[in-house]
Amino acid sequence: MTEVTDRVGNVTRQRYEQLVAQAKDLIAQVARAQFSLGDMALEIEPMRPVGGSMPNGTEDLFTVAESLQIFADDVGVERSTVEDWRYTANRWPKDKRKEGVSFTVHRILASVADEDERWAAIEDAPFNPRTGARQWTPDGAKRVVGQRVDRPVTLDEKVAAVADLTRDDEVAAQVATDLLKRPKVTEHVTPAEKMRVVTELTRDEATAQEVTRDLLRRPTVARSTMRDDTTRMLVNRAQFDNTAESREKIRERVPAVRKIEHTLEYADLVGSCHGFVATLGRLVPKMRGQQFTDDERDTVRHQLARVRAAADWLEGALDHGEFTLDEQLTQLLKGE
């Protein structure tokens, strides 16, 4: 329940309660007036399945719309307002109208098709957590008949409201962009939904290329995914059709698999270089002003020597196309 304060708007709580009581009286008067106007419209044009006024022995003959338009013009309101009064008055006979309940609530509940359910519904006002009492509000009536509420409270109501607001593609795109910037939101999205979103977003070639570049900077992810998919493809094919022809087709795909392996190894290599430089870029600025002991300096120098040896070997291997480690380098890289 909302915390009670001493003032509501610009008035004291006591004055506010007085105004609410007066407003309820006026709302009741308004409801009686609207129902009376609806009864008048029904008298002019009773509800019929189709058509308008029936011939009455004269040459005057109007459709329902024409009769109600004349009445609306003469009393100074829109015809749609008169139709609203007429419809609601017809759905709520005089002995079924609930005193103290607004005409608006009656109009919303008028959509309950079964009469007995309609009469019972208006007697069962929903609980209002703000006031702590059972009372009708337009949103409460809309929940009963399954209409969209003006002030969503439940998760389903809020989702429905967002869906309405994002029917426009431009608005939806902006909302989606903002939501994707909130990690706590994406944590609640299932892996299947995340994959579906990524698939949709990467249908655009430029986006797919950029995502691929980012993935290649994460060689562990790329290696695991591509190897798992390749292995699964080959195993499933062999189990499905274990014939000489099938095995031959698998052998034909081995060069393609090796090409994938080459790509993964390349990604690992580039990713390692990138990771090393990025790590230094983060650490070096934090080391300013720090003092190291002799043992610490010796340890760092030893590790740098290993890095230099590996880099020198790699540069030579790239030049000569020979990627075989000699025993000395192997021992150095192992820290021996």
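Trainee: Which backbone oxygen lies 3.5 Å from a polar atom of the side chain of Arg97?

Mentor: A polar contact is a pair of N or O atoms within 3.5 Å; within protein, one must be able to donate a hydrogen and the other to accept it, and residues adjacent in sequence count only if both atoms are side-chain atoms. Here the backbone oxygen is that of Ala89, 3.5 Å from a polar atom of the Arg97 side chain. The side chain of Arg97 also makes a polar contact of 2.8 Å with the side chain of Asp39. This is a predicted model, in which local features need pLDDT of at least 70, side-chain atom pairs count only at pLDDT 80 or more, and totals for chains, interfaces and linings use all residues. Residues are numbered from 1 along each chain as its sequence is written, and side-chain values use heavy atoms, with hydrogens and water left out.

Trainee: Where does Arg97 lie, and which residues does Arg97 touch?

Mentor: Helices (H or I, at least four residues) and strands (E, at least two) are DSSP runs, numbered from the N terminus. Arg97 sits in the loop between H3 and H4. Contact means heavy atoms within 4.5 Å. Leaving out residues up to four places away in sequence, Arg97 touches Phe35, Asp39, Ala89, Trp92 and His106.

Trainee: Which residues of helix H5 are buried?

Mentor: Buried means under 20% relative accessible area, exposed over 50%, and partly exposed in between (1.4 Å probe, protein chains only). In H5, residues 115-123, the buried ones are Arg118, Trp119, Ala121 and Ile122. They lie on the same side of H5 because they cover an arc of only 160 degrees around the axis, the arc being that of the directions from the helix axis to the C-beta atoms. An α-helix has 3.6 residues a turn, so residues three or four places apart point the same way.

Trainee: What do the buried residues of H5 pack against, and which exposed residues does the face turned away carry?

Mentor: The buried residues pack against helix H3 (79-91) and helix H4 (103-109). The face turned away from them carries the exposed residues Asp116, Glu117 and Glu123. At the start of H5, a side-chain oxygen of Asp114 comes to within 3.1 Å of the backbone nitrogen of Asp116.

Trainee: Ala125 is in the loop between H5 and strand S3 (127-128). Does Ala125 count as buried or exposed?

Mentor: Ala125 counts as buried because its relative accessibility is 13%. Beyond four places in sequence, Ala125 touches Arg134, Gln135 and Trp136. Its C-alpha atom is 8.1 Å from that of Gly140, 15 residues apart along the chain. Gly140 is one of the buried residues of helix H6 (residues 138-145), and the buried residues of H6 pack against H4.

Trainee: How much space lies in the second largest pocket?

Mentor: On a 1 Å grid over the protein atoms alone, a pocket is an open set of points where a 1.4 Å probe fits, with protein on both sides within 12 Å along at least five of seven lines; lining residues have an atom within 4 Å of a point. Grid points are joined across faces, edges and corners, and the volume is the space filled by probe spheres set on the points. The second largest pocket holds about 730 Å³. Its lining has 22 residues, and the closest to its centre are Ala176, Leu179, Leu180, Val197 and Leu201. H10 gives the largest share of that lining, seven residues.
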